[in-house]
Amino acid sequence: MERHQQIDQAAAALRQGGLVIMPTETVYGLAADAADPRAVAAVYVAKGRPSFNPLIAHVADLATARRIARFDARALVLAERFWPGPLTLVLPAADEAAVCDLARAGLDTVAVRSPAHPLARALLASFGGPLVAPSANRSGRPSPTTFADAVEETGAAAACALDGGPCAIGLESTVVALLDQPSLLRPGAVTREQIEALIGPLAEAEADARRSPGRLTRHYAPASLIRLEAEVPLAGEAFLAFGPHAAGPGVWNLSPAGDLAEAAANLFAHLRAADRTRPLAIAVAPIPGQGLGEAINDRLRRAAGYVG
Ligand code: TXA
Ligand code: MG
């Protein structure tokens, strides 16, 4: 089937209340019509996700986003600079019908993002309205960054699945709340430094669980124990290296060159691969904390069970 036929078929499935596995530049999503409470409920069921944890509304462009959320000057600056791309804005909800109450988990705010992946963009254009799309993993598992992992996680619940190849970024979008004081709810590929350069300091979200419901649950976790800041693996451990390291059985190198973007793109796939070998634990080399390193370390701490 040709690509545009696949897209039209996926859009038709969405209109009928079906779910679609959708590639994005960050991670694979499980998409549904944001206005259809039954379709949105099916997303929560497919993921085993607590219904107090709201979903991101994905839009084709800023004009669509402005119909569902109220943009202030700071939100406009960020959307104009980083969309389409890996940045989600949490804003006061505008037209509450376009993104149903269940998708917002009953909050009066809404999370919006315009993804950059060409297949996600084509699907949004063909569908013609906002799509909710949480990461396509079952709740509490690492986000899928390949088509095969997405299908393994939630494929059984999807009416169709679009193969967009491996995700270029590999970590979920940066989430910034612009409600009263701007705060970073989830670090990602758009870095704290890039955002602060445009709108000034971002508060930490840790203290405000109501503003970031996703922080209430353990996230991104493989089955194995995780040991962070490991210089070398112990006997029986799998090892996620960063920078030069001898290759060998049980070793996955996030980036032999020590490149953070490469490490981010490999993180979840390597965690999954290491986890499948059922090691005593997964030891992970220290990762520098600046720039994209903040997001990588955030996901690693969650996988290790240190946060939330
Ligand atoms: O990169 C991404 O954002 C991926 C791709 C598929 O677009 N999607 C994704 O969605 O990561 P999900 O549902 O796995 O994560 C959404 C995060 C959750 O932590 C949720 O709590 C938060 O966004 N969120 C959504 N709506 C919110 C709201 N109104 N207020 C605060 N946090 C919100
Ligand atoms: Mg997720």
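Axes here are lines fitted to C-alpha atoms, for helices over the stretch in contact, with angles running from 0 to 180 degrees between N-to-C directions. Helices (H or I, at least four residues) and strands (E, at least two) are DSSP runs, numbered from the N terminus. The model is predicted, and its local features need pLDDT of at least 70. Residues are numbered from 1 along each chain as its sequence is written.

**Exercise 1.** Describe how helix H8 packs against helix H9.

*Solution.* 
- Start with the axes: those of H8 (residues 260–276) and H9 (residues 293–303) come within 9 Å and cross at roughly 20°.
- Now classify the angle: since angles under 35 degrees count as roughly parallel, H8 and H9 are therefore roughly parallel to each other.
- Next, find the contacts (heavy atoms within 4.5 Å).
- Finally, sort the contact of H8 with H9 by class: nine nonpolar residues, one polar and one charged.

**Exercise 2.** Work out the strand order of the open sheet and its edges.

*Solution.* 
- Strands pair if DSSP finds at least two bridges between them.
- Reading across, the four strands of the open sheet follow the order S11-S14-S12-S13, with parallel pairing.
- The edges are S11 (226–227) and S13 (251–253), each pairing on one side only.
- Look inside the sheet: S12 (residues 237–241) and S14 (residues 281–284) run parallel and are joined by four bridges. Phe239 stands opposite Ala283 in S14.

**Exercise 3.** Which strands does H8 lie across?

*Solution.* 
- H8 lies across S11, S12, S13 and S14.
- Against S13, H8 runs at about 175°.

Technical notes. Chains are lettered from A and ligands numbered from 1 in the order in which they are written. This is a predicted model: local features need pLDDT of at least 70, side-chain atom pairs count only at pLDDT 80 or more; totals for chains, interfaces and linings use all residues. Side-chain values use heavy atoms; hydrogens and water are left out. Angles under 35 degrees count as roughly parallel, over 145 as roughly antiparallel, 65 to 115 as roughly perpendicular and the rest as oblique. Ala, Val, Leu, Ile, Met, Phe, Trp, Tyr, Cys and Pro count as nonpolar, Asp, Glu, Lys and Arg as charged, and the others, Gly among them, as polar.
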